[in-house]
Amino acid sequence: MIAVTGPTGNVGRALVERLVAAGRPVRALTRDPRRARLPAGAEAVRLSLDEPATLFEGATKLFLYAQAGGDHTPRLLAAARAAGVRHAVLLSSGIIDSGADENHPIHVMHATAERDVRDSGLTWTFLRPNAFAANAFQWAPQIRTGDTVRGVFAEGQTAPVHEDDIAAVAERALLDDGHDGAAHRLTGPEAITNAGQVAAIGRALGRELRFTELSPDEAGPDLFPHIQPHMLPALLKTFAASVGTPPEITDTVRETTGRPARPFAVWAEDHTDDFKG
C-alpha cells in the first residue's frame, strides 16, 4: 500500500493515476474525499491531522506533498513510521541547493519539510523540481476570455517540467530500489520564455496569443491567484532574475524513467481544455 498526500494536486493526481494503472494499492489522503474525483482503484481517505495514526494502516510507502502536514508534518511522519511506513518520497523544490536566499519563503517551507523527513527515521527520496509547466495556469482566466495575456517579465526564462514527468519519477522512486537518500533535481528539456509559453498555448489552441508585459509594480493577486500574497514580493525577485539567465536543465527524467522529459509545447497540447472558455 502506498499512501499519497496531495492527491488532487497536479503531481499527486498524476501519481495516483499512474499507480492505479500499474495495479498498485493506493490510499489517497485528501481533505475532502467526496470531491476528489480520483480513479476508481484508489482508496480516498480524509486527511485528518487530529488522528494521523488511522491514516497509514497497511501502508509501507508515502508520497508527501510539502504543504500537506504544515506544522504537523513531524507528527504525521511519526504516525506513518509507527504504522509501518518505511520510505517517504517528498515533493520538495529546486530552490534547495540553488544558491537562493535561505530566507526566501519557498526555501524555508521546503527546507523545513526536508529536515522533518530526515529526522523522521524513514528512508527518503527528495524530488526537487524547478519551474512547473502548470504554473502557466495563472494565465488561463485571461486566455479563456481574450487573445492578450498581461504578465510580468516576458523574457524571463525557465525550463518548465510537466507534472506527469515529476509523477513518473516519483513512481520509480516509490517502486524501484536505488533511490534511498537521493535528491533528484527535475526540469523540462529546454528553455522557454514566458512570452514563448503563451505563444505555445496559443498554437495548441489554434489561436494567436500576445503577451503584454507589465511592470512588477502592477502585479497583484489578480495575476497570481495561486500564490499566497506574502510570497509574491520574493517570487517577483526570483522571476526578475530569470531574465537573460539560462535556466538549469537536467536529464533526471530520462535517467530515472527511461524516456526524456516532455517540452512545454507537449504540456500545452495536453491541457488545451483547461484554457478553453
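**Helix packing, rings and loops**

Author: Helix 1 and helix 5 are oblique to each other. The model is a predicted one.

Reader: At what angle do helix 1 and helix 5 pack, and how far apart are their axes?

Author: Helix 1 covers residues 10-21 and helix 5 covers residues 163-175. An angle from 65 to 115 degrees would count as roughly perpendicular, and one under 35 as roughly parallel. This pair is oblique. The angle is about 55°, and the axes are 8 Å apart.

Reader: Is the crossing of helix 1 and helix 5 left-handed or right-handed?

Author: The two helices pack with their axes 8 Å apart. Their crossing is right-handed.

Reader: Which residues of helix 1 meet helix 5, and how do the residues of the contact divide into nonpolar, polar and charged?

Author: On the helix 5 side, the contact takes in E163, D164, I166, A167, A168, A170, E171, L174 and L175. Helix 1 brings N10, V11, A14, L15, R18 and L19. The residues of this contact divide into ten nonpolar, one polar and four charged.

Reader: What kind of pair do the rings of W124 and F126 form?

Author: The structure holds seven aromatic pairs. In the pair of W124 and F126, the ring centres are 4.1 Å apart and the planes lie at 15°. Planes under 30 degrees apart count as stacked. The pair is therefore stacked.

Reader: Are W124 and F126 buried or exposed?

Author: The test for buried is under 20% relative accessible area. W124 and F126 are both buried.

Reader: Which residues form one aromatic cluster?

Author: Rings pair if their centres lie within 6.5 Å. One cluster is formed by F137, F264, W267 and F275.

Reader: Where does R37 lie, and is R37 buried or exposed?

Author: R37 is not a glycine, yet its phi is positive, about 55°. R37 sits in the loop between strand 2 (26-30) and strand 3 (42-46). Its relative accessibility is 70%, so R37 counts as exposed.

Reader: And F153, is that residue buried or exposed?

Author: F153 has a positive phi near 55° and is not a glycine. Its loop runs between strand 7 (148-152) and strand 8 (157-158). The relative accessible area of F153 is 12%, so F153 is buried.

Reader: What do the buried residues of helix 7 pack against?

Author: Helix 7 spans residues 232-241. Its buried residues are L232, A234, L235 and L236. They pack against helix 3 (105-119) and strand 7.

Reader: Which residues does G244 touch, not counting residues up to four places away in sequence?

Author: G244 is in the loop between helix 7 and helix 8 (252-257). With a relative accessibility of 62%, G244 counts as exposed. The C-alpha atoms of G244 and T148 are separated by 23 Å. Leaving out residues up to four places away in sequence, G244 touches E155 and Q157.

Reader: How far apart in space are A159 and I249, C-alpha to C-alpha?

Author: A159 belongs to the loop between strand 8 and helix 5. At 5% relative accessibility, A159 counts as buried. Beyond four places away in sequence, its contacts include A131, T187, P247 and I249. A159 and I249 are 90 residues apart in sequence, and their C-alpha distance is 6.5 Å.

Key:
Residues numbered from 1 in each chain as written. Predicted model: local features only at pLDDT ≥ 70, side-chain atom pairs only at ≥ 80, totals over all residues. Heavy atoms only, no water. Axes fitted to C-alpha atoms, helices over the stretch in contact; angles between N-to-C directions. Helix = DSSP H or I, 4+ residues; strand = E, 2+ residues; numbered from the N terminus. Parallel < 35°, antiparallel > 145°, perpendicular 65-115°, else oblique. Left-handed = near helix turned anticlockwise from the far one by under 90°. Contact = heavy atoms within 4.5 Å. Nonpolar A, V, L, I, M, F, W, Y, C, P; charged D, E, K, R; others polar. Phe/Tyr/Trp six-rings, centres within 6.5 Å; stacked < 30°, edge-to-face > 60°. Buried < 20%, exposed > 50% of the residue type's maximum accessible area, 1.4 Å probe, protein only.
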